[in-house]
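This report looks at a metal site and at one strand with its neighbours. Please keep the sequence and the 3D view open while reading.

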Amino acid sequence: MAFYITTPIYYVNAAPHLGHAYTAIAADVMARHQRQRGEDVFFLTGTDEHGEPVALAAEREGVSPQELADRNAERFRALMPQLDVSNDYFIRTTDEGHKVRVQEILQRVHDNGHVYKGMYEGWYCPRCADFKTDAEIGPDNTCPIHRIPLDREREENWFFRLSTFQEQLEQLYDGQSDFVLPKVRFNEARSFIAGGLQDVSLSRAKLNWGVPVPWDPEHVFYVWFDALLNYYTALSFAHDGTDETDKFWPADFHVIGKDILKFHAVFWPAMLLAADIPLPEHLFIHGFLLMKDASGEEHKMSKSLGNVLDPFEVMDQFGTDALRYYCFREVSFGLDGSVSTTTFGERYTSELANEYGNLASRTLNMIGRYCDGKVPDVAVEPQLAADFDGLPAEVAALLDRAEITQALDRIWARVRRLNRYVEEKAPWKLAKDPDAAAELQTTLRSLAEGLRALTVLLSPYMPESTGKLLAALGDERLELSAAEFGDGSGGGSIGELPPLFPKPQ
Ligand SMILES: [Zn+2]
């Protein structure tokens, strides 16, 4: 089976920050999990490079928009391996293959009668590259996201007849309650539609940095439609020369942040309907990682507000896995929540270093000391097996709904269960009692097996450290079926385990 997942494409005008990393890691956890299930996964990320903000920034710097885009796109491309993100392709909207497909698809929208020329006047945020509806305008005509004054713009544009899709979109939402997840975002999109859809600009006339409108080359397409189409166009050219659209479309998941809900949950399905293209299965809309300022007020993590928690610093000091773990453990994926270096440090020490890293090193040390470095070839503890029963299926069902935090919570509850088991059994005491030899063997075999099974489930979250631990446990299988407690066998030799979550220097 094919599984297709996307992140938003990141606007090249920004510098990569934790918000970008957050979405990319979320999609990566889901992609890696689906690969564990044997799915044929295509995972797409990339950069959005057209539009007025890029043209303006290039002008300020005295370079061409293409030069600026080339330079900045590279920073996002380089971010992915740093985050251990396993994307299959990195699309740029300046890719020739993308531009050709955008023109083809929007020409079809035009030919299907969903486009007309008209005069647009409205409040426009140049940073969002978006005209704001009345409900979206902040105090004193400012952008509520960027907190800058909006511009009054008036120009002749091509319009997309969004209003004619009102009924079809209502039917979509009423018929498919998991089209948008989580529920709170579904409701937000549904009520935006219920509020009445107005036609939207499809092109800009005063701009030439974009994909030219084929039936009116004085215009370029409005950057949002060009950008949204990346999800569809990439499949036609990402695998050099092989068009894999039929294999992977419709997408299983678009993972996005809540600030771009309207474009994805309303404009995007309408545009696809207008072009006779099937709709994606699910959109998952996540919240913001917030930071508290000195006054205790929470802010969106954003470069422009100057409150960036530097993910690069965290990765340098603590490793990529620690960042990947923390983001989804600290804040329930889908909701807004606060992150801080304080809670990061707490979770790193108490959960990653102690509950998991220390459990692993203790278990391996005891097998080394008491069992000659071989996992005892005996049956696992039935009681412990019962506590692990059904866990892989439970995790899979949660991740099918992008409930990344809930799945991690279920796994971590068993990490804690293993820690309690060590304390209950006290193998170091059993080792001193010749009559307890069999119990010691059962205990160490069960610890090794529990650790192995959980580590298979944790591998999408923390690919690097789980890889090291599975290698040390002598069983590197990653498929989901191998995550069943009891699927591993005893008798194998254990290897060296470097400290997984050491104290930073
Ligand atoms: Zn804005």
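The text below takes the zinc site, then strand β13.

The model is predicted, so local features need pLDDT of at least 70 and side-chain atom pairs count only at pLDDT 80 or more, while totals for chains, interfaces and linings use all residues. Residues are numbered from 1 along each chain as its sequence is written, and side-chain values use heavy atoms, without hydrogens and water.

**Zinc site**

Cys125 (SG), Cys128 (SG), Cys143 (SG) and His146 (ND1) are the protein donors of the zinc ion, at 2.1 to 2.3 Å. Donors are N, O and S atoms within 2.8 Å of the metal (3.2 Å for Na, K and Ca); water is not among the atoms, so sites may look incomplete. The site is tetrahedral, with angles of 100 to 116° among the four donor atoms; for four donors this term requires all angles to lie between 85 and 135 degrees. The donor residues follow the spacing C-x2-C-x14-C-x2-H.

**Strand β13**

Strands are DSSP runs (E, at least two residues), and helices are H or I runs of at least four. In β13 (residues 282-286), five of five residues are buried. His282, Phe284 and His286 point one way, and Leu283 and Ile285 the other. Strands pair if DSSP finds at least two bridges between them. Strand β12 (residues 253-257) pairs with β13 in the parallel sense over five bridges, and glycine 257 stands opposite histidine 286. Strand β8 (residues 180-181) also runs parallel to β13, joined by two bridges.

How values were computed. Four donors count as tetrahedral if all angles lie between 85 and 135 degrees; four count as square planar and six as octahedral if opposite donors are over 155 degrees apart and all others between 65 and 115; anything else is irregular. Buried means under 20% relative accessible area, exposed over 50%, partly exposed in between (1.4 Å probe, protein chains only).
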